[in-house]
Amino acid sequence: VKTKPGANNNPSRGFYDLWSNTNPLDQELEGKEAWFLEQTKRKRPKRPIKRQQKPSQVSAIEVIAPGGSYNPTFESHQALLLAAHEVEVKKRRTEEKINRQVSLPSAAELPTKETVLQELCQGLLEDSEEQEPDALPSGNTKAAEGPVWNVFSCEKKTERDRKREKIFKRQELRIKEQKQARER
């Protein structure tokens with residue numbers, strides 16, 4: 001036989017303190033094993049991880065500096081202009097730095113054969129410290145005047161030339177080996 005529950009607004013019905021440590025609904029579960037409680041007690045459903053994540057890491061509204069409002073004070077507006085100016089100066093400096101690194105040197109700054117030869121011979125001629133750097137052999141004076149990109153620049157060897165050099169090196173090695181064999 002089911003009993004009909006009473007009305008919620010009935011003042012004579014029993015009540016309990018919602019915030020107290022003794023909850024009448026938990027009294028029947030006291031003294032039970034933890035595994036039993038874990039299996040039978042109703043739990044709140046686990047909240048999906050998707051619900052815990054914010055849709056975007058960026059705040060909903062980006063707050064601007066005080067100098068960007070409709071009627072800013074003179075000082076805050078000047079501070080905002082100064083910050084914008086610093087950003088632009090920084091951009092310009094990086095562009096100029098890249099342009100300096102990428103640009104080709106002028107014709108006056110290009111190395112000549114004479115300066116390249118001086119750089120290559122630097123430190124090699126320790127005995128001839130008395131000699132001036134102008135006393136180094138310069139070769140053809142007409143060719144020394146023009147700019148030189150690379151001292152070792154020459155025409156690319158063809159496959160035929162490379163094979164010929166390879167054969168020549170092998171022959172030299174054979175001759176050396178034969179000489180060593182004769183000396184033994």
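**Figure 1. A salt bridge joins Arg 92 and Glu 96 in helix α4 of this predicted model.** The two side chains meet at 3.8 Å, N to O. Arg 92 and Glu 96 stand 4 residues apart in the helix, so about one helical turn separates them. Arg 92 is exposed, because its relative accessible area of 57% is over 50%. Glu 96 is partly exposed, at 39% relative accessibility. Helix α4 spans residues 74–102 and has the highest confidence in the chain, with a mean pLDDT of 96.

**Figure 2. Glu 159 and Lys 163 pair in helix α7.** Their closest N and O atoms are 3.7 Å apart, and the contact is a salt bridge. Helix α7 covers residues 159–183. Within this helix, Glu 159 and Lys 163 are 4 residues apart, about one turn.

Figure 3. Asp 161 has 31% relative accessibility, so it counts as partly exposed.

**Figure 4. Four residues make a nonpolar surface patch.** They are Tyr 16, Leu 18, Trp 19 and Leu 25. Leu 18 sits in the segment before helix α1, which runs over 24–27. Leu 18 counts as exposed because its relative accessibility is 58%, over the 50% cut-off.

**Figure 5. The chain has 7 helices and 0 strands.** Along the sequence, the pattern reads α-α-α-α-α-α-α. Of the 184 residues, 4% are buried. The accessible surface comes to about 19,300 Å², and carbon and sulfur atoms account for 53% of it. Among contacts with a separation of 6 or more, 47% link residues 24 or more positions apart.

**Figure 6. Confidence is lowest in helix α6.** This helix covers residues 141–145 and has a mean pLDDT of 49. Where pLDDT is low, the predicted coordinates should not be read in detail. For the chain, the mean pLDDT is 80. A value of 70 or more is reached by 83% of its residues.

Notes:
Residues numbered from 1 in each chain as written. Heavy atoms only, no water. pLDDT = per-residue confidence, 0-100. Helix = DSSP H or I, 4+ residues; strand = E, 2+ residues; numbered from the N terminus. Patch = residues over 30% accessible without salt bridge, like charges linked within 9 Å, V, L, I, M, F, W, Y side chains within 5 Å. Areas by Shrake-Rupley, 256 points an atom, 1.4 Å probe, with all protein chains shown as cover. Buried < 20%, exposed > 50% of the residue type's maximum accessible area, 1.4 Å probe, protein only. Contact = heavy atoms within 4.5 Å.
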